Every structure is written in C-alpha cells, then in structure tokens.
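Open the model in your viewer and keep the selection panel at hand.

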2 protein chains.
Amino acid sequence: MTRSPVDEPASVAADLTLPTWSDMEAAALRIEPHVLRTPLHRSRQLDEASGTEIVLKCENFQRVGAFKARGAANAVFSLTESSAARGVACHSSGNHAAALAWSARRRGIPVWVVMPSNAPAAKRAATLGYGAEIIDCEPTLAAREATLAEVLQRTGAVEIDPYDNAQIIAGAATCAIELMADDPLPFDVVMAPVGGGGLLSGTALAVAATCPTTVVWGAEPLGADDAARSLAAGHLIAQTAPDTIADGLLTSLSPRTYRAISSHVERIATVTDDEIIEAMRFVWERMKLVIEPSCAVPVAVALRGEVAGRRCGIIISGGNVDLAALPF
Amino acid sequence: MTRSPVDEPASVAADLTLPTWSDMEAAALRIEPHVLRTPLHRSRQLDEASGTEIVLKCENFQRVGAFKARGAANAVFSLTESSAARGVACHSSGNHAAALAWSARRRGIPVWVVMPSNAPAAKRAATLGYGAEIIDCEPTLAAREATLAEVLQRTGAVEIDPYDNAQIIAGAATCAIELMADDPLPFDVVMAPVGGGGLLSGTALAVAATCPTTVVWGAEPLGADDAARSLAAGHLIAQTAPDTIADGLLTSLSPRTYRAISSHVERIATVTDDEIIEAMRFVWERMKLVIEPSCAVPVAVALRGEVAGRRCGIIISGGNVDLAALPF
C-alpha cells in the first residue's frame, strides 16, 4: 500500500501519489470519532425539476460547515507523534483554514494559517476561534506562498495543502463512501463540484474502487472552468483570473488532482453564475438547506436536465455563507 | 373515545373538544403515508450557547415546508366519504392554506381558500399550485370570516380551521410524538411556538399523555403575547394589533386551545423581535437550516439561557420565508 508523504517536507514536490482504497478505508475509520455522518436529503420538487432521482449528501451539516473537516482531520491524525508535535500550517482564506485549525485543536497541536488580507471576516474569526495563529499577507498567490514558506522554515510545521495531498483526498473520499453506503440503490452518476479538485478526486477514486458501473462528473462554474478545459485539452491548464460567485471553486487543479480526475471522471459540466444562483435559491427555498454557491453548481447541472433519467448523487460540499451578502 | 366534530357544520360552535391519546395515535397512523418523518438536528454550538442539550424537530423539512401538513392531512383524511365529497374550505394567508390545498389534492376533493388581498405572493402561488380555488377578500378578520361564511353556504364545503379543530390539534401532536420516539433520552422541557395554539396544544397533550415528567413551554413574541397574558390572567385575552416579525404567530388562542394550554403548559416565555432575529441568524449560520422567524422564537428562549441545565426539545415549525425580505 502506498502511503501519502504528509510527514515529509513540502519540498519533496512533484509527488502525484493518490490514495488507495485501503487509504480511504483507513481515513474513514480514523476520522469517524471526529466528524459527523451527515444525512442524505431528497426533494420531490428537485426530482421533478431535474427529471430523475437526486440524493444530496449534506456536508453543509459537517463540522466547520464543510467537507473540508474530513480531509483536515485525516491529514492531522495521520501524522506521527513527532511530526504532529511540530504543528501544521497552510495558506487559505476559506474553509480549509478553519478545518485545519479545528483538526489541530482536536489533536492538541499548534497551527499557523497564512491568510490574505482580503479574507472574509467570518472565516478569519472562525479560524482564530479554533486557536490558530494567523499570519497576514498580501492577497496574491505569490505572497501567500512566500509567507507560508517563511512560516514553515521558522516553525518547522508540516504543511497541509488544501487539496494537493493524498491524505486530504482520502478524507474527502469518505463523503462518497457514506453516500453510497447510506443509500440502498446504486447511482448512475455521482457529481461533485470542482475547484482545486480534492473533493472530486476523492469522490472519483471512491466510486471507481467500489462501484465501477457508476460514473463520476465534476461540476464547475464557467467563470473558473480550468478543469473542463484541462480535460478537453488532455493536459493541465491553470486557471487565470477566475470570475464566479462560487468562491470555493476559484483555484486550479494540481498535477495530483488532474491525474485522478483525468483517469476517473467522465465529464466536467459547466454552468453560468445565473444558473448557480437559481439552483442555490431552489435548494434554500424548496429544501430549506443553507448551502454555499459552490455546492449549487452540481445542482444547477441537474436542474438543466443533464442527468435526466439517471439516478444521481450530489455532494453538497458546505454551507458557510455571509448572510449579509446573499445573491437574492 | 371522544371524536372531533370535523364532519359537523362550523356553526356547532363553543366546542372545546380536545383530542385524546387515541385520537393522536390514530392521527399518527392516518397521516403516515402522506407526511415525512422529519429528522432531529443538534448543534454543539447551540448546546454551548444555551447551556444544555437542545434537540430540534425539523418540521421545516415537512411537506409544504411546515408542520401544518400534519393537521391538515389528519383533518382531511378523517372526513367521511360523503363529507369529503363536499370539499373543504378555510380562510388563511399562510401555511395552513397551502397545507389544506395539498391535503385536499391528495384526497382528490375540492378546496376553497379565502385569502386576504395582502397575502404573500409565494403563499398564494403555492396554494394555487396545489389546485385550490382562491377567493380574495379585504385584509380584515371580519371580511375573512364573512367571505368564508358565504363560501361555506354556497359550496357546502366543510370548514377546516387552522387551529380551533381537534383533528388539526391531533395532527400537530404527532410532531412531539415523533420527537420523543426518535430521541433516546427523556426531555426535561419541550418547547413550541404559540400563535393560535394548535401546535402548542398538540405538543402539550402528547407530552402529558406519554411523559408526565416532561414540562411543556410555549414561546411567544412580546409583540403578540396574548397566550402569556391569558395564562397570567387566568382567562382568555384576545390579541389586538400584533406587531412582530414572527408572521406565523399573529393570531389569538381560541377557547379550545386555551383550554389545552392552560391545563398542560407550564409557562409561556416571551422574547423580543431582536432576540428572534438573532436566534434565526444563529440557526441559519451555525446549523445551516432555513427556518421561519416563528420557529426562532423558542430557540431565542433557549439562547437566553432559560432552559440551562435542562434537556430541551424544540419543535421547529416551518421554513417558508421570503428570501427577498430577510431581516439580516
């Protein structure tokens, strides 16, 4: 069994290791004391509007409000005692920051988060609330990476990347494992949103390992469609100047997640921001679920009829929104 | 066993019949094919903030988005064939209108709804969508009652009052029955919001019949506190000029619901609209549940620490809100 190198310094780069089924099973056991087994939700109205049976796996109810708790918990609790004692670090302005801080607090180890100065106040407060030390930086990728490198050198902490990490992907895979275990019927399609690709990689690997008759689709905003363009081109194309309301999906695939997705994902479907907002409103109004714009992306694909006649599971990735800045 | 007189004309007034335990058990069986067994939700953050264990019974996920589906289904499916054939009618601007229309469609009988001209467009659309004939009237109680009387005389329909009806109360009681059945531990307190008092009456009767060590509280907006004033005075005091964001709780108790509540409810706790909005925001932001302001009322009581140290179940009554007119 290939193990992920989370105990190694980040400088051991160009690592494309993906989790095996054993890694995913181990992740499920490892994180079980820490995360929630989130419920599945269905809606007759969603079924009617999409022309098929849709089952939502509701990670908006997960700890820290997003599936990110799974990967972070798996990565943090996979560390050896000596590595863990060094603490963990990342750069993030979003759910991964809070999830890593939450996981580190559960393990009782230090955590440093490099956060751009334009990070949402709520995300900053949540990350601080879990006991992280936040290091501010300019809101550019270069500044984030340089500041994190400085923090890693100064503290000796272990970097936990939000998606380019096999243990993070194994943790994310447990959403799809639970979805398939808790629903009695097989799915024709399982869909997840795609940003950096950790959730979609984990979903695709879990489905491929357990139910090869089910196909996996990614769902992506047109304004940040690097995954769709990468799959079409047959090689990784980085996202430049993303422009979408789905603020969790701005990042590009990494070589590691591209490897998983190009091998195991049948299709990346894209939707407009108008479709995303309409789908978000549908889920809030009809299903009474608070979901982020990012999770509305696969719902929008379904509402356009793309999976009509095919039983479809959708990973609802999170529910952290700013109620003062809703799009409706 | 005393049966409720839903098959009798509304003119047989001054009826204070309340459902027996047998009526409530019968209601649970009768509506089981039609309604959802809604889930229970908990939150560590809510527990911490309220100083106790809180369990929410999530009727926001119920058919038509509110517990009203239970009472309406019970009343409609209790009718004899000959009564049902006459159809059903009510005056309502809210969830009961949609619930009655939905129930009538399931039974395949006609339904007339008298609706004030200022009823929310979404409620009107939902009621029409379930196939009701809507009769418009001026937005006063007198106009509503006079118009309904005319409709009843013209059509011969059976009136189904939103709360002053023993079968409606028996249906509402099934929320608390499921709450107590689906949670393994006894509650010290069960709380429900109170407007006309149908939900609180059913909750109190169900708890009294099955778990006499549990006390029942009502939760009421200060701006529509007729139940609190009635219990304090020892006699029914009607609400005049209610003023609260909790638009589902504007109505007064009836003699029937006053009878149940004065016998079986320990206390009516009141909260301000600011507390209601804060509690609603808490549930949306932290628990990712879309709930109406009315359901936030008992949550606000808990957040003020009123049930600290006492295990508490709360009936979340519905989730129908206008996303274009949120209070935050």
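Predicted model: local features only at pLDDT ≥ 70, side-chain atom pairs only at ≥ 80, totals over all residues.

Residues are numbered from 1 along each chain as its sequence is written, chains are lettered from A and ligands numbered from 1 in the order in which they are written, and side-chain values use heavy atoms, with hydrogens and water left out.

Now select both sides of the interface. 19 residues of chain A are in contact (heavy atoms within 4.5 Å) with 19 residues of chain B. Together the chains bury about 1700 Å², 59% of it on carbon and sulfur atoms. Buried area is the accessible area (1.4 Å probe) lost when two parts are put together, summed over both.

Next, pick R44(A), K288(A) and L323(A). These supply 40% of the area that chain A buries against chain B, more than any other three residues.

Move to chain B and select helix α1, residues 21-31. Helices are DSSP runs (H or I, at least four residues), numbered from the N terminus. Which residues of this helix are buried? They are D23(B), M24(B), A27(B) and I31(B), buried meaning under 20% relative accessible area (1.4 Å probe, protein chains only). They cover an arc of only 100 degrees around the axis, which puts them on the same side of α1(B). The arc is taken from the directions from the helix axis to the C-beta atoms.

Finally, show α3 (68-78), α8 (166-182) and α9 (198-210) of chain B: the buried residues of α1(B) pack against them.

Notes: Buried < 20%, exposed > 50% of the residue type's maximum accessible area, 1.4 Å probe, protein only. Helix = DSSP H or I, 4+ residues; strand = E, 2+ residues; numbered from the N terminus.
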